Amino acid sequence: MTAHTVEYIRYRIPEQKSAEFLAAYTSAAAQLAASPHCVDYELARCEEDFEHYVLRITWTSTEDHMEGFRKSELFEDFFAEIRPYVTHIEEMRHYKPTTVRGAGASVPTLYAWAGGAEAFSRLTSVFYDKVLKDDLLAPLFAHLDPDHAEHVALWLGEVFGGPPAYSETQGGHGHMVAKHLGRGITEPQRRRWVNLIQDAADEAGLPTDPEFRSAFLAYVEWGTRLAVYFSGPDAVPPAEQPVPRWTWGSAPPYRG
């Protein structure tokens, strides 16, 4: 999947026209939201000089913007709203993201919020104790490696933003996938796995706030569904890739 294109449109709007300008874009934004070529958008106003605005629109590609959106009926309605302000545009260009990117520390990782390595060690210890006593899941783990729980703790810690301990000691995503090949995991077993790890999270004292638990469960659902697929007879192992990194947000739809 190629990188998205980011379009920046810089406006200089006289203050006496700012209210009508914002109203026009509030209306025009409905067309952006409806476009399958628009990933997201944001209109920002300069704090130092209120006359300056920057509209950022992320497009699936420059071609999709110019050939898809610009030639659609949505654009006609969009342009009708913002036409009076075209003469106030100071820049309108497309940009491609570079490899210089990252997240700041103002928002803690899920790993830090959960309590770090000790929290994930407690979680997997409690969880696998439950698994080995469960009539539906115990057969899948009949020959469980004594270090399995700790390896999964390293995996989950890295997934949720912690140090790359799993990658450094075990391998990447392909290594984890390989452990599920040919196991024939059923949907009832997957559901039980999901339920037990949520119970284990409670008993291990992981945070119970809705934001953390929704992100935690989102990964558990995603990961266990992949496990079912890769354990099936027609699974094709993926190319080697890094351990996924889960954040407070949600993952976009997969496009092959």
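This report walks through a few residues and ring pairs in a predicted model.

Let's start with Thr5, which sits in strand 1, covering residues 5-12. Thr5 counts as buried because its relative accessibility is 1%.

The side chain of Thr5 takes part in polar contacts: one with the side chain of Thr62 at 3.0 Å, and another with the side chain of Lys96 at 3.5 Å. Leaving aside residues up to four places away in sequence, Thr5 also touches others, including Ile57, Trp59, His94 and Tyr95.

## Aromatic pairs

Across the whole structure, a search turns up 26 aromatic pairs. One of them joins Phe75 and Phe79, whose ring centres are 5.6 Å apart with planes at 25°, so this pair is stacked. Both residues belong to helix 3 (residues 73-82), where they are four residues apart, about one turn of the helix. Phe75 is buried at 18% relative accessibility, whereas Phe79 is partly exposed at 24%.

Another pair, Trp155 with Tyr166, is edge-to-face, with 5.1 Å from centre to centre and 80° between the planes. Trp155 is in helix 6 (residues 148-159) and Tyr166 in helix 7 (residues 165-169), so the pair ties together parts 11 residues apart in sequence. Trp155 is buried at 5% relative accessibility, and Tyr166 is buried at 1%.

Ring pairs also link a cluster, with Tyr11, Phe21, Trp59, Phe75 and Phe79 among its members.

## A look at Ala239

With 59% relative accessibility, Ala239 counts as exposed. Ala239 and Glu81 are 158 residues apart in sequence, and their C-alpha atoms are 47 Å apart in space.

Notes:
Residues numbered from 1 in each chain as written. Predicted model: local features only at pLDDT ≥ 70, side-chain atom pairs only at ≥ 80, totals over all residues. Heavy atoms only, no water. Helix = DSSP H or I, 4+ residues; strand = E, 2+ residues; numbered from the N terminus. Buried < 20%, exposed > 50% of the residue type's maximum accessible area, 1.4 Å probe, protein only. Polar contact = N/O pair within 3.5 Å; in protein donor to acceptor, adjacent residues only side chain to side chain. Contact = heavy atoms within 4.5 Å. Phe/Tyr/Trp six-rings, centres within 6.5 Å; stacked < 30°, edge-to-face > 60°.
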